[in-house]
Amino acid sequence: MYRRLVLLLGAALCAMPIAHAQPAPQWPDKPVRIIVPFAAGGSTDIVARKVAQRLGQLTSQPFVVENKPGAGGTLGAAYAKVQPADGYTLFLGTVSTQSVAPFLYKTLPYDPLRDFRGLAMIASVPNVVVVNKKLGIHDLKQLIDAARQKPGGLTYGSSGLGSSNHLATEALRATLDIPLTHVPYRGSGPALTDTMAGHVDFMLDVAMTSLPYIERGDLNAVAVTSKARLAVLPQLPTVAEQGFPEFEAVGWFGLFTPAATPDPVARRIAALVHDVVLEKDMAAYFAAQGATASGVTLADFDAVVAADRAQWGKVAQMARIQPE
């Protein structure tokens, strides 16, 4: 009798599902969307399409970029937040949408820490201060003089209210102690175009989109916002080198998913993206654009977002930015 009970109990246990014995998720088995919260042609869009192309090659599934611009990236973030948490809608977030926006909006339609899960940081990148060439400005001293001489100060473009280059420019304004007028756009691409056309005087833009125009002489590069010079622009001094040693403003791009995405799926995506961005060719591509490929994933990436949020909060306070 005892032997029969043991056999029956053993059969019952074998029939029970065991979580760790389940097969790894077969993600993806259909097309994947990547929501980009800025206009086509900007740096975020370029990064998304570069990574999407490689992910598609490796998985034999299309990775489709969808641009949802507006309100400094927050419209796209709010849209991505409510998509199914199944790994088939990803969000290309930036320091703007995940770390800066809470300090620029009184009412934000999402919580960057609660509503999203960080999958992988793709790359970090500083900004370059680029000026309309007709102004004849070639360094920060000339920029300061021009801003103080012009009624209302110089005008500057940004990717939109709440974007990282908006807040970084406001931090620069406070550091340089100059008057400036903000002109927000729906992405860095339109802002850069208008800077070249002279509709705004200057902007802070990542090297990956402004570099071709700098090299052709369509824009004057005045400074880089990292503490170290860029290898792709070795002659361009930093803001720190031009008399403001404490200044630094570096952004990043990363992939996120709605917070409720199952852990096995999130880990599968994170591992794949990690490997893609650190591939030799991909890392070299980012380096050539003035960016640095990143291998930070999952909980470590979430920690970066949280730390950046605290840091940019200090910047917003220093720049005396009031939420709108």
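The expected span of a helix is 1.5 Å times one less than its number of residues.

**Figure 1. Overall view of the predicted protein.** The fold comprises eleven helices and ten strands. The C-alpha trace spans about 100 × 40 × 30 Å along its principal axes. Of the 324 residues, 52% count as buried. Among contacts with a separation of 6 or more, residues 24 or more positions apart account for 79%.

**Figure 2. Close-up of helix H2, residues 43-59.** H2 has 17 residues, and the distance from its first C-alpha to its last is 24 Å, close to the 24 Å expected at 1.5 Å a residue. Buried positions in H2 include Ser-43, Thr-44 and Asp-45. Val-47, Ala-48, Val-51, Ala-52, Leu-55, Gly-56 and Thr-59 are also buried. An α-helix has 3.6 residues a turn, so residues three or four places apart point the same way. Ser-60 follows H2 and has a positive phi, near 60°.

Figure 3. Val-51 has a relative accessible area of 2%; because the cut-off for burial is under 20%, Val-51 is buried. With its neighbours within four places in sequence left aside, Val-51 is in contact with Ile-122, Met-282 and Phe-286. Ala-223 lies 172 residues from Val-51 in sequence, and the two are 28 Å apart in space, C-alpha to C-alpha.

**Figure 4. Packing of helix H2 with helix H10, residues 280-288.** The two helices pack at an angle of about 170°, and their axes are 12 Å apart. H2 and H10 are therefore roughly antiparallel to each other, since angles over 145 degrees fall in that class. Their crossing is right-handed. From H2, the residues Ile-46, Val-47, Lys-50, Val-51 and Arg-54 meet Met-282, Tyr-285 and Phe-286 in H10. The contact of H2 with H10 has six nonpolar, no polar and two charged residues.

**Figure 5. Packing of helix H2 with helix H9, residues 263-277.** The axes of H2 and H9 are 10 Å apart, and the helices pack at an angle of about 115°. That angle makes H2 roughly perpendicular to H9. H2 passes H9 in a right-handed crossing. On the H2 side, Arg-54, Leu-55, Leu-58 and Thr-59 meet Leu-272, Val-273 and Val-276 of H9. By class, the residues of this contact divide into five nonpolar, one polar and one charged. Two of the H2 residues shown, Leu-55 and Thr-59, are buried, and Arg-54 also takes part in the contact with H10.

**Figure 6. Crossing of helix H6, residues 164-176, and helix H11, residues 298-318.** The axes of H6 and H11 come within 9 Å and cross at roughly 50°. That makes H6 oblique to H11. H6 passes H11 in a left-handed crossing. Ser-164, Leu-167, Ala-168, Ala-171, Ala-174 and Thr-175 in H6 meet Trp-312, Val-315, Ala-316 and Met-318 in H11. The residues of this contact divide into eight nonpolar, two polar and no charged.

Definitions and conventions. Residues are numbered from 1 along each chain as its sequence is written. This is a predicted model: local features need pLDDT of at least 70, side-chain atom pairs count only at pLDDT 80 or more; totals for chains, interfaces and linings use all residues. Side-chain values use heavy atoms; hydrogens and water are left out. Helices (H or I, at least four residues) and strands (E, at least two) are DSSP runs, numbered from the N terminus. Buried means under 20% relative accessible area, exposed over 50%, partly exposed in between (1.4 Å probe, protein chains only). Axes are lines fitted to C-alpha atoms, for helices over the stretch in contact, and angles run from 0 to 180 degrees between N-to-C directions. Angles under 35 degrees count as roughly parallel, over 145 as roughly antiparallel, 65 to 115 as roughly perpendicular and the rest as oblique. A crossing is left-handed if the near helix is turned anticlockwise from the far one by less than a right angle, and right-handed if clockwise. Contact means heavy atoms within 4.5 Å. Ala, Val, Leu, Ile, Met, Phe, Trp, Tyr, Cys and Pro count as nonpolar, Asp, Glu, Lys and Arg as charged, and the others, Gly among them, as polar.
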